[in-house]
Amino acid sequence: MTTTLLLVEDDARIREALGLAMADEGYRVIQAATGEEALALLARDEREPDVVLLDLMLPGMDGLAVCARIRERGDLPIIVVTARTGPNEVIAGLEAGADDYVSKPVDAGELSARIRALLRRVRTGDPDIPSVVDVGDLSVRVAEGRVVRDGAEVPLTKTEFRLLCALVLAGGAVVTREQLLERVWEYGYFGDTRLLDVHVRRLRRKIEPDPGQPTHVITVRGVGYRMGTP
């Protein structure tokens, strides 16, 4: 089935050019010029898009608010597409719930690679990969794509789940920041680890009894992270 993108961009020229470029990459593209229009499309369309490409600088409801509203609905993947590349702007977009970000002008081939990586599921079916891993009060159900804590499901985005699995499947070994970027997002960031830092914070807020003193996702200073043991 063809992957469907929802492109939310107020500049008509950019929206048309990027829409055509992504169509050439093999995607079905639906478009919205405002955040309000995008949310209305999501509310009424029977078939939800596979990925949202979201500009931050929108008239009316800005991209951060739209991102937060989409994230409230579930784990629909979101890639922020923006001219704002300062650290505060990027971090704000990720904190609002985005899975990834790209800077304008956008290279269609690179964006396509990021979309494919984002949609790729955690590898299952390998005999070396357990279907369920229990860590303390967490039950990470790798094969099902779910996490359960004390009998209740923890709502994670697809990217947060992949990050958790990358740590859990390391069996308590330290995973470097570079390895996590490669295993979760599947391409290099050339030293830009904002993406990882924000996702670790988001993950801790959901799975840690006390995010300020984490016992599941442990920081190994200067190296990376490891999963805590029961």
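The side chains of Arg-71 and Asp-99 meet in a salt bridge, with 3.1 Å from N to O; a salt bridge here is a side-chain nitrogen of Lys or Arg within 4 Å of a carboxyl oxygen of Asp or Glu. Arg-71 belongs to helix H3 and Asp-99 to the loop between helix H4 (87–95) and S5, so the pair ties together parts that are 28 residues apart in sequence. Both Arg-71 and Asp-99 are buried, where buried means under 20% relative accessible area, exposed means over 50%, and partly exposed lies in between (1.4 Å probe, protein chains only).

The model is predicted, so local features need pLDDT of at least 70 and side-chain atom pairs count only at pLDDT 80 or more, while totals for chains, interfaces and linings use all residues. Residues are numbered from 1 along each chain as its sequence is written, and side-chain values use heavy atoms, with hydrogens and water left out. Helices (H or I, at least four residues) and strands (E, at least two) are DSSP runs numbered from the N terminus.

**Salt bridges**

A search of the whole structure finds 18 salt bridges, and the table lists three of them.

| Pair | N to O distance |
|---|---|
| Glu-48 and Arg-73 | 2.8 Å |
| Arg-71 and Asp-99 | 3.1 Å |
| Asp-55 and Lys-104 | 3.3 Å |

Glu-48 forms a salt bridge with Arg-73; Glu-48 sits in the loop between helix H2 (35–44) and strand S3 (51–54) and Arg-73 in helix H3 (residues 63–73), so this pair ties together parts that are 25 residues apart in sequence. Glu-48 is partly exposed, at a relative accessible area of 39%, and Arg-73 also counts as partly exposed, at 43% relative accessibility.

Asp-55 forms a salt bridge with Lys-104; Asp-55 lies in the loop between S3 and H3 and Lys-104 in the loop between strand S5 (100–103) and helix H5 (108–119), so the pair ties together parts that are 49 residues apart in sequence. Asp-55 counts as buried, at 3% relative accessibility, whereas Lys-104 is partly exposed, with a relative accessible area of 24%. Glu-9, Asp-55 and Lys-104 are linked in a network of salt bridges.

**Strand S4**

In strand S4 (residues 78–82), five of the five residues are buried, so the strand is largely enclosed by the rest of the structure. Ile-78, Val-80 and Thr-82 point one way from S4, and Ile-79 and Val-81 point the other way. S3 and S4 run parallel and are joined by three bridges, two strands being paired if DSSP finds at least two bridges between them; Val-52 has Ile-78 in S4 as its bridge partner.

**Packing against helix H8**

The axes of helix H7 (residues 177–185) and helix H8 (residues 194–207) come within 10 Å and cross at roughly 80 degrees, where axes are lines fitted to C-alpha atoms, for helices over the stretch in contact, and angles run from 0 to 180 degrees between N-to-C directions. That makes H7 roughly perpendicular to H8, a term for angles of 65 to 115 degrees. Arg-177, Leu-180, Leu-181 and Trp-185 in H7 meet Leu-195, Leu-196, Asp-197 and His-199 in H8, contact meaning heavy atoms within 4.5 Å.

Helix H6 (residues 158–168) also packs with H8, at an angle of about 90 degrees and with the axes 10 Å apart, which makes H6 roughly perpendicular to H8. In H6, Thr-159, Glu-160, Leu-163 and Leu-164 meet residues of H8 including Leu-196, His-199 and Val-200.

Notes. Angles under 35 degrees count as roughly parallel, over 145 as roughly antiparallel, 65 to 115 as roughly perpendicular and the rest as oblique.
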